[in-house]
Amino acid sequence: DITPKGEDGQLKLFRNIAKTDAVGGPAIDLIANTAWSDGIVTGIKDPEVLYYYEASFNAMNPHSFMIQSTASYLTDGKFVDSLIYDADKGHFTDYIPQDPMYLNFEPIPIKGFDPKIDYKGDPAFKKFFKSNDPRDTIARNRISTDLANKLASGGKVPLEPLNTLFVPRIVSPFDYLGTSMLWRILPFYAIEKALQNASISSARRRARSITHIKCG
């Protein structure tokens, strides 16, 4: 009864817990901020192939967004990025975070394949890509025309698997969408929320002091 039935409602609930809960929020902050350090690309023997991976790594600077991505991974149970490819340079240069609330996921029941991800239309993206503000125009120049057209459109638009980074927090072989870390504290959060609401309502009804703890 305390859990929203739809995926969007669940995301809103978990994000509110991550922002306001005295236990869940700090736990996510602690994990996200301590998990990452500087890094290098290894494991590729061909120097020509390694060059393109290193160029992408250096251009995107993963450490700059891994903390936020990890927080999203733990809170939402997943994070999704659209990678920006520079055809002239031959490697990825940047990324655009995708809000799962504006995405539709459909599983492919074959091992090794990410689910099909369709973009449903983010009002912020629509406004940005249709804006005539010169500051927005400068920012749009960093994005390919194809990706810009997809993000500016409405309806269901398939995201290209080749430049879509999807990392779900999988907890079972049948979990294709990802599971929030905050599911396990949901009952305690609901109880605490109910007690807080009752205390606030009681405080509004009377002007005298409020009893928080009774001893004896």
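Predicted model: local features only at pLDDT ≥ 70, side-chain atom pairs only at ≥ 80, totals over all residues.
User: What makes the protein more spread out than a compact globule?

Analyst: Start with its make-up: 8 helices and 6 strands. The radius of gyration is 22 Å, while the globule rule gives 17 Å for 216 residues. Along the principal axes, its C-alpha atoms fill a box of roughly 75 × 45 × 35 Å.

User: Why is N61 called partly exposed?

Analyst: Good one to work through! Buried means under 20% relative accessible area and exposed means over 50%. N61 has 41% relative accessibility, so it counts as partly exposed. You will find N61 in the loop between α3 (47–60) and α4 (63–76).

User: What makes the phi of N61 worth a look?

Analyst: Most residues other than glycine have a negative phi. N61 is not glycine, yet its phi is positive, near 50 degrees.

User: How do you know which residues belong to a nonpolar core?

Analyst: They must be buried, be of a listed type such as Phe or Ile, and be joined through side-chain atoms within 4.5 Å. The largest such core has 19 residues, and F129 and I143 touch the most other members. Its largest share, 4 residues, comes from α7.

User: Which residues does F129 touch, leaving out those up to four places away in sequence?

Analyst: F129 touches R140, I143, A148, L151 and A152. Apart from this core lies another, of 8 residues, including L13 and Y189.

Note on methods:
Residues numbered from 1 in each chain as written. Heavy atoms only, no water. Buried < 20%, exposed > 50% of the residue type's maximum accessible area, 1.4 Å probe, protein only. Helix = DSSP H or I, 4+ residues; strand = E, 2+ residues; numbered from the N terminus. Contact = heavy atoms within 4.5 Å. Rg over C-alpha atoms; globule rule 2.2 N^0.38 Å.
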